[in-house]
Amino acid sequence: MAFILSGCSDKSTVSSDALPVIIIGSDEYEPYNFSDKNGNPAGIDVEIASEAFLRMGYKAQFKNIVWDEKDEMLTTGKVDCLWGCFSMNGREDKYRWVGPYMNSRQAVAVRADSNIYALSDLSGKRVAVQSSSKPEEILSQNSADIPQVSGLYCFVRTEYIFAALRKNYVDAVAGHEYMLRVFINESDNKYRLLDESLLLSKLGVAFAKDNDSALPEKLRATLYDMKNDGTLAKIAVKYGLDPNTALGGITLE
């Protein structure tokens, strides 16, 4: 295998099936990781990871996991890393990170005729979020900086979140900006986004804290090259993200 990899200057001539596999733990979170119409992994992180590891001489294999079990999967070696719109914010010391490689905005959507215009207006309101998501974590906090909602409803699937808003079971929904914009566009603009961000987070690739291999640093260097050669921006644009927002302040140095 070493001979095959070192002897090929053009990896495109080598079948990806012949490359060693890196198993990536993730869960479905569009547009970062989801199943396409054929049931194959697709999305921003799938494309970034596949290209990055191919450049490094590996084949990326995404493994859908129960996100609440991610740490056990990582520490026992069932996955090599965690990658899927995974925010570094507040977790900087928990993993060996590669990143940030991209920004991610968490936002709030309400009905167009709602009297909610600022995050502070969420106080005493009902909000729906995806289970184990960053908005759930934020809105669950008992902090003077966070509006205290009257009810926080957590759903496994995003379509249930939007159904709750459509049926007036909740006053607002919180989630990734891309997800909310798709919902708004498909609903004839009957809903709108708040201007304020619930969170602007830095996304990273998480390796086990005690991982002392050279792989994370090689991945960082590869992502650095992909940013500078425009690959990251092209992938962001392909999935409807503004590259200036998605990559603003990202250096990977």
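**Helix packing, pockets and backbone features**

Pro 100 is found in strand β6, strands being DSSP runs of E with at least two residues and helices runs of H or I with at least four, numbered from the N terminus. A cis peptide bond joins Gly 99 to this Pro 100, with omega at about 5°. The model is a predicted one, in which local features need pLDDT of at least 70 and side-chain atom pairs count only at pLDDT 80 or more, while totals for chains, interfaces and linings use all residues. Residues are numbered from 1 along each chain as its sequence is written, and side-chain values use heavy atoms, with hydrogens and water left out.

**Helix packing**

- Helix α2 (residues 44-56) packs against helix α8 (residues 231-238) at an angle of about 155°, their axes 9 Å apart; axes are lines fitted to C-alpha atoms, for helices over the stretch in contact, and angles run from 0 to 180 degrees between N-to-C directions.
- The pair α2 and α8 is therefore roughly antiparallel, given that angles under 35 degrees count as roughly parallel, over 145 as roughly antiparallel, 65 to 115 as roughly perpendicular and the rest as oblique.
- In this contact (heavy atoms within 4.5 Å), Ile 44, Glu 47, Ile 48, Glu 51 and Arg 55 of α2 meet Thr 231, Leu 232, Ile 235 and Lys 238 of α8.
- The residues of the contact of α2 with α8 comprise 4 nonpolar, 1 polar and 4 charged, where Ala, Val, Leu, Ile, Met, Phe, Trp, Tyr, Cys and Pro count as nonpolar, Asp, Glu, Lys and Arg as charged, and the others, Gly among them, as polar.
- Helix α2 also meets helix α7 (residues 215-228), the two axes coming within 10 Å and crossing at roughly 110°, so α2 and α7 are roughly perpendicular to each other.
- The contact of α2 with α7 has 8 nonpolar, 1 polar and 4 charged residues, and the α2 side includes Ile 48, Glu 51 and Arg 55.
- The axes of α5 and α6 come within 12 Å and cross at roughly 50°, and these helices are therefore oblique to each other.
- Thr 158, Phe 162, Leu 165 and Arg 166 of α5 make the contact with Met 179, Leu 180 and Phe 183 of α6.

**Pockets**

- The largest pocket has a volume of about 670 Å³; on a 1 Å grid over the protein atoms alone, a pocket is an open set of points where a 1.4 Å probe fits, with protein on both sides within 12 Å along at least five of seven lines, and lining residues have an atom within 4 Å of a point.
- Grid points are joined across faces, edges and corners, and a volume is the space filled by probe spheres set on the points.
- Of the 25 residues lining the largest pocket, Glu 28, Gln 130, Val 156, Arg 157 and Thr 158 are the closest to its centre.
- Elements giving two or more residues to the lining of the largest pocket are β2 (34-35), α5 (158-166) and α6 (177-185).
- The second largest pocket holds about 350 Å³ of space, and of its 20 lining residues Trp 67, Cys 85, Ser 132, Ser 133 and Lys 134 lie nearest its centre.
- The lining of the second largest pocket has 5 nonpolar, 9 polar and 6 charged residues.

**Other backbone features**

- A cis peptide bond joins Glu 30 and Pro 31, with omega of about 10°, and Pro 31 is found in the loop between β1 (21-26) and β2.
- Asn 168 has a positive phi of about 65° although it is not a glycine, and Asn 168 has its place in the loop between α5 and β9 (172-176).
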